[in-house]
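Please go through the two chains in turn, and then look at how they meet. The sequence and the structure are shown first.

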Amino acid sequence: MTQEIETGIRIRVKKLLDLGEVSCVIGHEHGPRGHTRPAFVYDSADAERLVWDRTCHHNLVAYVRDKIATLARGAEPGSTPRVAVVARPCDVRSLNVLIHEGQVTRESVFVVGVACPGMLDAGDPEAQDGQALHCRYCTERVPVFYDALVGDPPKVKVPDEPWPGVAEVEAMPPAERLAFWTQEFDRCIRCYACRQACPACYCFECLAEQVDPPWVSIAHRVPQKAFFHIMRAYHLAGRCSGCQACEAACPVHLPLSLLNRKIAAEVEALFGYVAGANPDTPPPLATFRKDEELPL
Amino acid sequence: MHETFEPKIVGFLCNWCSYAGADMAGTSRVAYPPNVRIIRVPCSGRVDPLYVLKAFQEGADGVLIAGCHPGDCHYGDGNYHARRRYALMHRFLDFVGIETGRLCIDWVSAAEGARFAQVVAQLTENVRALGPWTGWNDAC
């Protein structure tokens, strides 16, 4: 299955680069330490480097915007550089968010969509049925849009029971919930890997590092760490596609997806909006309906 | 301990309605709890959710956001945006451990001095019942 996707990607990429349709392809390759890592391919001879397996956790859409900007700097005036990106269904939804926010134009990206068989758990890939939790509950196996699709859409059975995690935290009494998050946030080392891995976190200067005004002090203490994570989660409200690249990137395995999933669930319940699902729907916090009744 | 606890509440009031409403409460000699520290903002839509977070992080026990009634915004639609933002934030703060009762968003017009007093009294009461917000400070 993944072999088929990998071959499909290589054939596609070779053709794209040979025909000069794109100047760069963003895909995955094997790194020196046994993990997969993002790869930037400019020459069709290098297409063989590209791999795809169920440990490719990076959301490559995070590199699209900067890559286009870099290529544009060296390009002929008036020409618009175009890149191809290998993207899973969740990645494509985050690309949709970027297109909607005017960060990337649809014409400048060639989407090599992957019919996704689901990823392995980043924390424990050796585990029995090591499928990542968010993939086990995912019903979206084909991207919302693509220029080329590789792989066959797999038939998957989503478990009947509700997705665990958010409901368990919601069920805790307030004091226990606070204790739970205190304990989790305390483990954060403020490396900002979650932010770097996130395609929706593209601010030129992150508030967490801004010194004037100092929104978040550099102290390595729980209040600052909590502030950072709550701020990040809220900035992703209605924008997070749930790819969980943040959680896969986290060196201390914080349950960051709980925050994002909670907000995504609330956004869907309150505003009927799923991030990136439909390019024509305005983002929920950038619009309003005068007659809506919201619980305050 | 709670007998002597006086909640600190940060109030973000919109310049055009709620701030004038608070003024009205004062000029009409309506008594309301002195626990609220008022910050005047141009519009309830100006209140960045980070202001709320920052207030809690810096030791506020409760936060009040008050603006013009929906439809009456001086700028047309600022409070509609605020409404969406805080409907979401309310639920999210609860999820990360800041009780819902500590954050209040309400609409107070310039003529509603008594209503302003009532909103502040209610929030102060709620926060008093919840106790001081120690945030994540206990652990560090």
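What percentage of the 140 residues of chain B count as buried? The share is 53%. This value, like every other one here, comes from a predicted model.

The fold of chain B can be laid out from its secondary structure. Chain B contains 4 helices and 4 strands, and from the N terminus on these elements follow the order β-α-β-α-β-α-β-α. The radius of gyration of chain B is 15 Å, close to the 14 Å that the globule rule gives for 140 residues, so chain B is as compact as a globular protein of that length. The C-alpha trace of chain B spans about 45 × 30 × 20 Å along its principal axes.

Chain A can be described in the same terms. Its secondary structure consists of 10 helices and 5 strands. For 296 residues the globule rule gives 19 Å, and the radius of gyration of chain A, 20 Å, is close to this; chain A is therefore as compact as a globular protein of that length. Along the principal axes, the C-alpha trace of chain A spans about 60 × 50 × 45 Å. Of the 296 residues in chain A, 42% are buried. Among contacts in chain A between residues at least 6 apart in sequence, those that join residues at least 24 apart make up 70%.

Helix 8 of chain A covers residues 222-235, which is 14 residues. At 1.5 Å a residue, helix 8 of chain A should span 20 Å, and this agrees with its end C-alpha atoms, because they are 20 Å apart. Helix 8 of chain A is also mostly covered, with 13 of its 14 residues buried.

The last topic is the contact between the chains. Chain B contributes 27 residues to the contact and chain A contributes 31 residues. On the side of chain B that touches chain A, the elements that give two or more residues are helix 2 (49-57) and helix 3 (78-95) of chain B. Helix 3 of chain B gives the most to this side, with 13 residues. By class, the side of chain B that touches chain A is made up of 15 nonpolar, 6 polar and 6 charged residues.

Conventions
Residues numbered from 1 in each chain as written. Chains lettered and ligands numbered in written order. Predicted model: local features only at pLDDT ≥ 70, side-chain atom pairs only at ≥ 80, totals over all residues. Rg over C-alpha atoms; globule rule 2.2 N^0.38 Å. Buried ≥ 20, exposed ≤ 12 C-beta atoms within 10 Å, placed from the backbone. Expected span 1.5 Å × (residues − 1). Contact = placed C-beta atoms within 7 Å. Nonpolar A, V, L, I, M, F, W, Y, C, P; charged D, E, K, R; others polar.
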